[in-house]
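Hi,

Here is the structure I promised to pass on. Have a look at it first, and then read my notes below.

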Amino acid sequence: TESKLWRVLRQRGLGVKFRRQVLLGPYIVDFYCPEVGLVVEVDGPVHELRIDRDASRDAFLNESGYQVVRISSDIVEHDLQAAVSIVVSALRG
């Protein structure tokens, strides 16, 4: 599922550069846009079991100055344009 979104984000597909699987502090994030400090996480079903863990991770990243956007893997899989719209909205601030 991540690879579907990556095809849009890579090579400045949205006008900014994204990197994939980036180490930020103790965490590896799915996608990171260094120009605006945006982290994009694609959440599959396993994340329903890790709500507290993800909240701690998001808090650390937010406190470190990153903006975190989480997108359900179902949205990426079944409505890629909606997933891209979420990223575009986050890029606009």
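**What I found**

D43 is buried, with a relative accessible area of 15% (buried means under 20% relative accessible area, exposed over 50%, and partly exposed in between, with a 1.4 Å probe and protein chains only). Before I go on, some housekeeping: this is a predicted model, where local features need pLDDT of at least 70 and side-chain atom pairs count only at pLDDT 80 or more, while totals for chains, interfaces and linings use all residues. Residues are numbered from 1 along each chain as its sequence is written, and side-chain values use heavy atoms, with hydrogens and water left out.

Back to D43. Its side chain meets that of R70 in a salt bridge of 2.7 Å, N to O (a salt bridge being a side-chain nitrogen of Lys or Arg within 4 Å of a carboxyl oxygen of Asp or Glu). This pair links distant parts of the chain, since D43 sits in strand β3 and R70 in strand β4, 27 residues apart. Helices (H or I, at least four residues) and strands (E, at least two) are DSSP runs, numbered from the N terminus. R70 itself counts as partly exposed because its relative accessibility is 24%.

R70 has another partner too: D54, with the closest N and O atoms 3.7 Å apart. Here the link runs from strand β4 to helix α2, where D54 lies, and spans 16 residues. D54 is buried, at a relative accessible area of 6%. Through shared partners, salt bridges join D43, D54, D58 and R70 into one network.

How many salt bridges does a search of the whole structure find? It finds seven. One of them joins E41 and R57, whose closest N and O atoms are 3.3 Å apart. E41 is in strand β3 and R57 in helix α2, 16 residues apart, so to speak a link between distant parts of the chain. Both E41 and R57 are buried.

**The sheet and its helices**

Four strands make an open sheet in the order β1-β2-β3-β4, with mixed pairing (two strands pair if DSSP finds at least two bridges between them). At the edges are β1 (19-24) and β4 (67-72), each of which pairs on one side only. On average, neighbouring strands of this sheet are turned by 45 degrees against each other, direction ignored. Angles run from 0 to 180 degrees between N-to-C directions, and axes are lines fitted to C-alpha atoms, for helices over the stretch in contact.

Strand β3 (residues 38-43) pairs with β4 in the parallel sense, over six bridges, and V40 stands opposite V69 in β4. Helix α2 (residues 51-63) packs on the sheet, touching β1, β2 (27-33), β3 and β4, and its direction makes about 145 degrees with that of β4. Contact here means heavy atoms within 4.5 Å. Helix α4 (residues 80-92) also packs on the sheet, touching β2, β3 and β4, with its direction at about 170 degrees to that of β4.

**The cores**

The largest nonpolar core has 17 residues, and those with the most contacts inside it are L5, F18, F31, L38, V40 and I71. A nonpolar core is a set of buried Ala, Val, Leu, Ile, Met, Phe, Trp, Tyr and Cys residues joined through side-chain atoms within 4.5 Å. The elements giving two or more residues to this core are α1 (2-9), β2, β3, β4 and α4, and the largest share, four residues, comes from α4. Leaving out residues up to four places away in sequence, V40 touches L5, F18, D30, F31, V69, I71 and V87. Apart from this core lies another, of seven residues, including L24, V29, V39 and L61.

**Two residues to look up**

D30 lies in strand β2.

Q21 lies in strand β1 and counts as partly exposed because its relative accessibility is 43%. Beyond its neighbours within four places in sequence, Q21 is in contact with E2, I28, V29 and D30.

Cheers
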